[in-house]
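Have a look at the sequence and the structure first, then read on.

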Amino acid sequence: MSINLTLLIVMGALYACGIYLILERSLTRVLLGLMLLANATNLLILATGGYAGLAPLYSKDIAAQDYNDPLPQALILTSIVISFAVTAFMLGIIYRTWVLARQDEIQDDVEDRRVAETPSFDAEDDAEIPAETSEFPVATVVAGGREMSAESAAAEEKPGSKNVALGPEGGGK
């Protein structure tokens, strides 16, 4: 299977322009970039489908490799529907920002700048967590019909603990 070189060049140009436009601050340019990316993806799916063949209607006298694969066509149709929905959603967002702020360009927020300037270390998130984090400490626990302290019950739960006496259910005699 060989692919048309012109189709690949057009697809690469659409991807490059689409990515460039998505990185802009204008919502209209972001919308145009998304539309270019969707069309480039449609061309990519079309290129993976191979050359055109016969319609996928079964007949006994036609070899299987002569048929056209209908899956890329279905994927392109699905991609068109999804890109139409994303375009409609973005047009709604663009219209709403124009009505509210009379501008199309996204500005930096004060909170965005503050978050960008904070260091990555957070004293609360990176602190050592004690073994007991409950607000209601338990002094004794009833387990297996016997009463034991919370510390020894926690020690039994640790992997490789040797302080458990095997009973009949544990394989002992």
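The points below go from overall confidence to a few individual residues.

1. First, the ground rules. This is a predicted model, in which local features need pLDDT of at least 70 and side-chain atom pairs count only at pLDDT 80 or more, while totals for chains, interfaces and linings use all residues. Residues are numbered from 1 along each chain as its sequence is written, and side-chain values use heavy atoms, with hydrogens and water left out.

2. How far to trust it? The protein chain has a mean pLDDT of 80, with 73% of its residues at 70 or more; pLDDT is the predictor's confidence in each residue, from 0 to 100. Helix α1 (residues 5–22) has the highest confidence, at a mean of 94, and helix α5 (residues 150–157) the lowest, at 69.

3. On the overall layout, the protein chain has five helices and two strands, in the order α-α-α-α-β-β-α from the N terminus. These are DSSP runs numbered from the N terminus (helices: H or I, at least four residues; strands: E, at least two). Of the 173 residues, 16% count as buried (buried is under 20% relative accessible area, exposed over 50%, partly exposed in between, with a 1.4 Å probe and protein chains only).

4. Now look at helix α2 (residues 27–48) and helix α3 (residues 71–101): their axes come within 10 Å and cross at roughly 180 degrees. Those axes are lines fitted to C-alpha atoms over the stretch in contact, with angles from 0 to 180 degrees between N-to-C directions. The crossing makes α2 roughly antiparallel to α3 (the label for angles over 145 degrees). The residues of this contact divide into 17 nonpolar, six polar and no charged; nonpolar here is Ala, Val, Leu, Ile, Met, Phe, Trp, Tyr, Cys and Pro, charged is Asp, Glu, Lys and Arg, and the others, Gly among them, are polar.

5. Which side chain does S79 make a polar contact with? That of N42, at 2.7 Å (a pair of N or O atoms within 3.5 Å; within protein, one must be able to donate a hydrogen and the other to accept it, and residues adjacent in sequence count only if both atoms are side-chain atoms). S79 sits in helix α3 and N42 in helix α2. S79 is buried, at 16% relative accessible area, and N42 is buried too, at 10%. Leaving out residues up to four places away in sequence, N42 touches I76, S79 and I80 (contact means heavy atoms within 4.5 Å).

6. Finally, check R102, in the loop between α3 and α4 (110–117). Phi of R102 is near 55 degrees, a positive value in a residue other than glycine. R102 is exposed, with a relative accessible area of 56%.

Conventions. Angles under 35 degrees count as roughly parallel, over 145 as roughly antiparallel, 65 to 115 as roughly perpendicular and the rest as oblique.
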